[in-house]
Amino acid sequence: MSAGGGTKAILAALGANAGIAVAKFVGFLFTGSSSMLAESVHSLADTSNQGLLLLGQRSSRRRATREHPFGFGRERYFYSFVVALMLFTLGSAFALYEGIHKVQHPEPLTAPLVAVVILVVAIVLEGYSFRTAMSESGKIKGDVSWWGFIRQSRTPELPIVLLEDTGALLGLVFALAGVGLSELTGDPVWDGIGTIMIGSLLGVIAIILIVEMKSLLIGEGATDKQLETICAELTGGEVERVIHIRTQYLGPDELLVAAKLALAPNLELAQVARAIDEAEARVRAKVPVARLIYLEPDLDRQTV
């Protein structure tokens with residue numbers, strides 16, 4: 001569900017941002033608005049970002065090799081990290097530069113009505129993309145808050161699209177305010193201020209994504225709820241308790257579980273093998289994402 005839902009959200013965002021980017025560039029050529037230019041570059045960066053996310057999904061499905069025995073699932077994390085960096089460099093840094101330049105050297109706008117119409121249409125299209133991302137994220141979010149979902153999700157694409165779309169909608173509002181205030185007051189400096197606000201917003205979102213994607217790229221373990229379920233399912237039958245356990249996501253859809261289990265004493269080899277197999281089956285039934293499970297049987301040193 002996470003891969004399919006993520007792809008649907010990415011495609012919706014890709015289509016919306018590609019059309020919006022073209023419209024905004026046309027609007028900039030007509031108006032000369034720095035807010036429109038910043039938003040044009042923002043949409044162009046977002047379009048490129050969605051392409052990178054799709055590339056990451058595709059390359060992560062390659063078969064495991066001798067050099068990469070655990071596969072390429074983390075490529076989705078790598079490309080998501082690149083997306084966060086692009087959002088910061090192409091989106092935030094450019095908008096801040098352009099906004100400061102326009103504040104220092106304000107220029108009057110031409111045909112501001114064209115900019116307003118384009119921005120309103122862009123808000124509608126971004127709203128569709130945002131709604132799709134919310135819908136697909138809701139299927140796997142569970143009962144955690146939206147901020148909790150962004151922080152805890154091991155699927156990188158949906159949080160990225162959610163934050164990108166949120167930034168895009170707020171950025172469009174800032175651009176609309178900048179153009180509108182410039183026209184109402186006759187002072188084009190408001191256009192530059194709107195651009196600076198867009199750059200600041202994108203910078204905050206990019207930093208959040210960089211921190212989260214770095215954590216996933218380094219390697220995160222199972223969530224607290226998943227770990228509790230795994231430990232509960234490992235215990236049972238001939239397994240008396242979990243001595244220690246380590247988990248790590250090898251990709252959004254593949255969790256590695258390694259544990260040392262205390263088994264009942266005086267078991268024969270066949271009984272030990274059966275107990276291990278049963279424990280693995282119980283875990284996979286409750287946590288399907290736990291695809292790689294390595295269990296080491298041992299005696300409970302606390303009781304022997």
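## Overall build

Of the 304 residues of the protein, 48% count as buried. The model is a predicted one. Nine helices and three strands make up its secondary structure. Along the sequence they follow the pattern α-α-α-α-α-α-α-α-β-β-α-β.

The C-alpha atoms fill a box of roughly 90 × 35 × 35 Å, taken along the principal axes. The radius of gyration is 25 Å, whereas a compact globule of 304 residues would have one near 19 Å.

Two packed helices are described by the angle between their axes and the distance between the axes. Helix H2 covers residues 34-59 and helix H3 covers residues 75-104. Their axes come within 9 Å and cross at roughly 175°. An angle over 145 degrees counts as roughly antiparallel, so H2 is roughly antiparallel to H3.

What residue types make up the contact of H2 with H3? The contact divides into 15 nonpolar, eight polar and five charged residues.

## The three-stranded sheet

The strands form an open sheet in the order S1-S2-S3, with mixed pairing. Strand S1 (239-251) and strand S3 (292-299) stand at the edges. Each has a single partner strand, so one side of each is left without a neighbour in the sheet. Neighbouring strands are turned by 15° against each other on average, direction ignored.

Helix H9 (residues 269-286) packs on this sheet and touches S1, S2 and S3. The direction of H9 makes about 140° with that of S3.

## Pairing within the sheet

In which sense do S1 and S2 run? They run antiparallel, joined by 10 bridges. These two strands form a hairpin, with two residues between them. Within this pairing, Gly 251 stands opposite Glu 254 in S2.

Strand S2 (residues 254-263) pairs with S3 in the parallel sense. Eight bridges make up that pairing. Here Ala 258 stands opposite Tyr 294 in S3.

How values were computed
Residues are numbered from 1 along each chain as its sequence is written. This is a predicted model: local features need pLDDT of at least 70, side-chain atom pairs count only at pLDDT 80 or more; totals for chains, interfaces and linings use all residues. Side-chain values use heavy atoms; hydrogens and water are left out. Two strands pair if DSSP finds at least two bridges between them. Helices (H or I, at least four residues) and strands (E, at least two) are DSSP runs, numbered from the N terminus. Axes are lines fitted to C-alpha atoms, for helices over the stretch in contact, and angles run from 0 to 180 degrees between N-to-C directions. Contact means heavy atoms within 4.5 Å. Angles under 35 degrees count as roughly parallel, over 145 as roughly antiparallel, 65 to 115 as roughly perpendicular and the rest as oblique. Ala, Val, Leu, Ile, Met, Phe, Trp, Tyr, Cys and Pro count as nonpolar, Asp, Glu, Lys and Arg as charged, and the others, Gly among them, as polar. The radius of gyration is taken over C-alpha atoms; the globule rule is 2.2 Å times the number of residues to the power 0.38. Buried means under 20% relative accessible area, exposed over 50%, partly exposed in between (1.4 Å probe, protein chains only).
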